[in-house]
Amino acid sequence: MSSATESDIDPFTREVITNALQSAAEESFINLGRTAKSSVIYETLDYACGLIDPDGNVVAQANGVPGFLGTLNFCVEDTIEKYGLDGFFPGDIVLLNDYHGGTHLNDVAMVAPVFVDGEIVMFAASKAHWTDIGGKDPGSWTTDATSVFQEGIQYPMVKLYEEGRLNRAVRDIVEANTRMPEMTLGDMQAQEASMEVAVERVQEIADRYGKETLERAIDDWLEYGRELVLEEIESLPNGTYHAEDYLDDDGITDEPVYVTVEVTITDDSVTFDYTGTDPETEGPINSPYAASVSDARALFQAITLPDAPTNGGFFEPLELIIPEGTVLNATKPAPIGTDWESSAMAADLPWKALASELPEKLSAGHFTSVCATIVGGTDDRTDDEFLVIEPQPGGWGACHDRDGADVLVCSGDGDTLEMPVEVMETRFPLLFDQFALDTPQEAGHGEFRGGTGLVQDYNVYNESGAFITASFGRSEFPPWGVEGGQPGDGNYIEIVKHDGSTERHRKLTNYDLEDGETARLVTSAGGGWGDPLERDPERVLDDYRDDYITAETAEETYGVVLTDDGDLDVEATERRRRQLSTESTE
Amino acid sequence: MSENTTRAAVDIGGTFTDFVAVRDGTLSLEKASTTPENYANGVVDVLSKSDVSMDDIEQFVHGTTVVINAITEREGEDCALITTHGFRDVLDITRANRPDMFNFRYEKPEPFVPRRDRFEVSERIDQAGDILTELDPSDVREAAAEIRDRGIETIAVAYVNAYANPDHEQRTRDLIADEYPEAYVTLSHELSEEYREYERTNTAVLNSYVRPIADDYLTTLADHLEESGVEGNRYVMKSNAGTSSFSQARQSPIEMVESGPVGGVFGAARIGEQLGEPDVISFDMGGTTAKTSLIEDGDVDIETEYWLESSARDEGYPVQVPVVDIVEIGAGGGSIAWIDQGGSINVGPKSAGADPGPACYGRGGTEPTVTDANLLTGRLNPEYFLGGEMELDVDQARASLEPIADEFGTDVRQAAHGVLQVVNSNMAHALKQVSLQRGYDPRQFALVASGGAGGLHAATLGRELSVKETIVPRAPGQFSAWGMLLTDLRRDYVRTLVRSFEPDAADIVDDAFASMADRAREAFDAEGVPREDIELEYSVDLRYDGQEHTVQTPVRSDGDRITGTAIERTIETFHLRHDQAYNFQLDDPVELVNLRLTATAAVSKPAIDVLERDGRLSEARKAERPVDFGTEGTHETPIYDRSTLPVEVSFDGPAVVEEPACTTLVHPDQTCRVDEYGNLRISQQ
């Protein structure tokens with residue numbers, strides 16, 4: 001609040017300056033999205049652009065996905081630690097993607113200083129998923145790497161630009177270490193251009209208002225974020241809450257991996273303590289610290305003020321305890337290629353712990369996994385290599401007052417656009433036999449139903465075939481229900497062979513598909529909320545008429561009996577519900 | 001173009017139905033209340049109020065919100081969908097994105113066709129247009145019979161890859177006609193020949209949804225117009241800033257979805273051209289929203305990626321038809337200023353609307369609005385609002401702003417100034433979105449301001465963006481209707497054709513354009529337009545191999561055919577445009593995504609004459625009052641009456657120019673010139 005701060009700039013000017021900073025971050029974000037060459041950037045929006053002050057506070061950030069919410073600040077802090085504030089010059093751009101970047105190696109960050117009167121007032125930073133950065137397999141991330149050194153090249157905070165001059169050696173190393181140099185260099189160019197935009201805009205703002213006013217506005221702004229969230233935390237129910245869960249496996253062995261959280265809410269703080277979580281694994285599901293922080297922050301934002309702009313002050317009351325050496329805080333050289341599988345749990349665990357406490361903020365459990373899929377090969381039409389990388393959307397959990405959303409990207413994705421079938425078919429030698437809700441639904445029932453998953457047939461339409469790499473988590477340990485709602489059914493991949501036989505998988509690396517074979521990708525239904533026997537029979541009838549459920553599910557799960565004409569049999573329904581309810585209490 | 005035609009336009013807005021006519025170069029204006037229960041009544045009212053003789057109207061242009069209202073109020077007709085086997089759920093799946101990223105209870109938009117009324121038929125075409133599975137006629141007949149039995153009157157047909165080969169959709173229409181001839185049928189490829197199945201399917205569905213309503217409306221209106229004696233040609237304003245005949249609009253009403261606001265953009269483009277400033281940013285600020293669009297070299301920018309009801313929180317519904325690219329934000333005269341939980345000041349998007357309206361209307365509104373702030377700073381005249389029809393209550397305005405002043409420990413005047421600062425910053429952001437963020441330098445552009453609140457903020461924004469000059473045209477409150485007077489018949493065709501763009505592709509590109517041109521000519525034939533009046537403009541959407549987003553690039557053809565040389569020249573233009581928009585170009589191969597054809601047929605339009613108004617500036621100076629310019633201080637400011645301002649005079653700021661539906665502010669460091677057409681042209685001293 002203005003009365004609490006010792007500031008002599010008026011609140012309106014502060015508002016105008018912070019708006020301008022926010023819009024600088026957005027402009028740089030839009031610029032990168034429109035020019036990138038990787039679909040992971042322009043459709044999946046797996047990237048973020050931000051402004052970080054020299055103390056490492058996020059001042060403004062535009063996010064395509066929540067997954068970078070906690071990483072840009074670490075990128076800047078670590079870069080400052082390496083070079084020192086006097087080790088930067090106008091026109092520098094630093095490149096990094098190693099453990100310091102804080103997410104898997106495909107996410108390549110850039111950091112650039114903004115100078116005013118010879119002093120750094122701000123850093124522009126961005127991070128984007130590049131399609132291929134070398135490593136043992138196409139697309140770089142895999143489900144079976146056992147060391148980070150198999151997952152691509154590491155850029156250890158090196159200057160790609162020095163005082164505005166391209167460092168040719170670095171660029172050549174980038175080019176030599178990718179299977180798709182045209183795409184990778186295109187992404188790099190787009191990212192550099194977007195950094196320039198951010199730097200230029202901040203420069204303009206600083207020139208116009210002066211360094212001191214700018215700095216004061218930033219301080220006020222961070223204080224505003226703190227105040228904003230503290231007020232909201234006061235309204236959260238104080239207490240200690242607990243949740244635990246398992247990841248299916250680490251990709252190398254079939255052993256489930258245990259994860260747990262204890263959430264403590266007080267009047268002025270929220271703590272997520274992940275102590276007790278299993279150690280880092282041999283396979284690449286490990287999450288570096290910053291990736292887990294990002295997901296934890298996303299959940300924190302969801303339970304406080306989902307609409308608040310990203311602001312470092314906002315996250316100060318969130319305390320995170322993530323013991324080093326666990327699957328949520330892995331150490332080099334543990335592999336981190338599919339880090340989102342475990343980092344998603346940093347959000348999902350406190351979500352599970354709090355859902356019934358905060359029904360206005362949280363749904364029941366959703367399909368959770370990014371269900372990331374790579375399909376590639378040589379396109380016979382052009383003899384060019386192709387590589388499609390996509391997250392798959394799935395079912396979201398029911399809410400306390402309505403059904404869950406059908407087919408929506410997971411909490412780790414955001415304004416991520418599913419690529420249209422018609423676009424996919426022009427770009428890649430694939431045919432889609434179906435692109436549909438996974439109905440009739442056999443899981444996630446409740447007074448309010450979990451949303452349905454997606455069933456999508458990638459049919460190979462290419463004589464030379466194709467390969468598929470995919471990581472479908474939450475396959476064996478399905479999305480959780482709330483207050484008697486049923487769990488969902490789990491994500492999986494089904495390979496349909498020429499002879500019609502099928503194989504079920506949850507993780508695949510470089511699996512060969514022949515021409516005419518199908519990879520059927522199926523995502524889970526979300527968890528239900530409340531007892532299915534409490535569901536309004538009219539809604540059950542609607543579900544039946546819309547082919548969401550069969551007549552049998554209506555009767556056996558919901559206790560709703562239909563007449564031969566498909567209408568509601570009110571009396572039989574009452575009888576059936578009484579009967580089912582007695583059975584369940586016995 | 002003949003000079004003596006009377007052309008009239010009627011634009012239905014949220015509050016008023018505006019009438020503008022030009023005869024012999026003279027402008028007539030009229031206003032009546034909008035009649036939401038039957039919009040045609042408002043049209044008849046405004047026509048009968050006007051002094052223009054109906055028999056003389058040779059061209060009648062109509063902008064209407066009937067389509068967008070039917071959608072936002074969910075008052076359309078039930079409709080059914082027939083689609084490819086395996087794809088009935090594209091309306092539920094949408095693009096599966098979560099724009100409201102940290103909302104873990106996100107609710108997706110509800111499809112306009114319930115799942116039970118979507119029918120799958122056996123058929124499949126691939127992306128090259130080759131038929132993989134023949135259409136099964138019995139599937140279509142069964143679906144049509146079932147739809148008829150359910151009493152559903154409108155049917156959308158959308159097949160996967162129909163943009164590449166419309167054969168199955170066309171045969172489906174014939175099959176439906178056999179079984180259920182009364183049904184209204186919309187085929188997706190007739191509205192859009194672009195890829196993206198969800199977008200195209202939803203477009204076909206929305207067209208079906210509004211078709212019966214639009215059909216009734218246009219029929220009723222045509223009857224009323226005939227009764228009123230308007231017998232000239234009748235046109236409807238489409239979202240692409242062009243017009244079409246009533247009969248064509250009945251077939252594809254979804255093309256009218258942004259019928260109203262585009263008139264203002266088009267008007268801005270024409271004003272710019274007339275004044276020799278073809279690069280213009282249009283800015284239209286009304287009671288609830290502000291809309292802006294960028295016009296380069298006289299051309300309005302047309303997009304086919306339009307989303308209805310989309311926001312930072314909702315994905316909305318896609319409409320894949322040509323729509324002028326407009327950025328709209330919740331900033332208008334009625335926008336409410338409020339303090340959020342963290343103690344920060346915000347303005348809008350909530351608006352006090354027309355009822356109760358701003359606090360100063362004295363109709364029970366208590367929340368502070370932009371209009372209240374303008375009043376307290378002396379910018380608005382309490383005694384000359386709507387030409388004096390309504391007196392504004394300064395005390396109410398002051399009371400409404402007190403809580404903000406208290407919160408920040410300032411006086412009420414400073415609070416009012418703060419509200420204006422914030423709303424101006426929001427609008428400046430929107431103006432930057434259409435210019436700077438797309439690679440355009442606003443210093444090369446003129447700002448054309450309209451709308452009831454436009455003149456109060458235009459000069460401030462123009463200075464903020466350092467535009468060449470700020471232009472406030474005559475009758476800024478009815479500018480959208482005025483813009484409609486100047487429109488031509490126009491059709492935009494966009495066809496997806498993904499392939500490498502190189503000189504060898506000339507024949508394929510040429511053939512595709514030729515078939516699009518044939519379609520355009522046939523459509524104009526049906527409206528009785530002579531072929532020699534049709535003008536065709538070709539452009540292509542290009543990108544570097546591997547990119548997704550494209551840059552629209554005009555095709556530099558010489559003569560009738562598109563040759564390899566023309567393609568080479570087009571590629572050169574593309575490199576330059578990419579560089580302009582994004583600061584870099586690449587040596588990579590270039591890929592074609594869409595072919596675009598704009599077909600226009602000029603209709604005779606009234607000339608805009610210079611305004612003959614002599615007299616002395618001092619005679620138009622009706623008063624002085626103190627006006628608060630914030631950091632520039634409070635000045636005793638001359639007030640001019642616009643209706644008596646002579647042309648070709650200049651005066652320095654500070655100044656206020658008043659007319660019944662609009663007030664224009666000129667800052668102390670600015671100067672204002674009245675040009676020969678009566679436009680106010682404000683620039684820095």
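This is a predicted model: local features need pLDDT of at least 70, side-chain atom pairs count only at pLDDT 80 or more; totals for chains, interfaces and linings use all residues.
## Confidence

The model has an ipTM of 0.94 and a pTM of 0.92. In chain B the average pLDDT is 92, and 99% of the residues reach at least 70.

## Chain A as a whole

Chain A contains 12 helices and 20 strands. Its C-alpha trace covers about 80 × 65 × 40 Å along the principal axes. A compact globule of 586 residues would have a radius of gyration near 25 Å, and chain A has 25 Å, so the value agrees with that expectation.

Of the 586 residues in chain A, 62% count as buried. If you take the contacts in chain A between residues at least 6 apart in sequence, 74% of them join residues at least 24 apart.

## Helix H9 of chain B

Helix H9 of chain B takes in residues 262-274, 13 residues in total. At 1.5 Å a residue it should span 18 Å, and its end C-alpha atoms are 18 Å apart, which agrees.

The buried residues include the glycines B:Gly263, B:Gly264, B:Gly267 and B:Gly272, along with B:Val262, B:Val265, B:Phe266 and B:Ile271. B:Ala268, B:Ala269 and B:Arg270 are buried too. Just after the helix, B:Gly276 adopts a positive phi of about 70°.

Notes: Residues are numbered from 1 along each chain as its sequence is written. Chains are lettered from A and ligands numbered from 1 in the order in which they are written. Helices (H or I, at least four residues) and strands (E, at least two) are DSSP runs, numbered from the N terminus. The radius of gyration is taken over C-alpha atoms; the globule rule is 2.2 Å times the number of residues to the power 0.38. A residue is buried if 20 or more other C-beta atoms lie within 10 Å of its own, exposed if 12 or fewer, and partly exposed in between; C-beta atoms are placed from the backbone. Two residues are in contact if their C-beta atoms, placed from the backbone, lie within 7 Å. The expected span of a helix is 1.5 Å times one less than its number of residues. pLDDT is the predictor's confidence in each residue, from 0 to 100.
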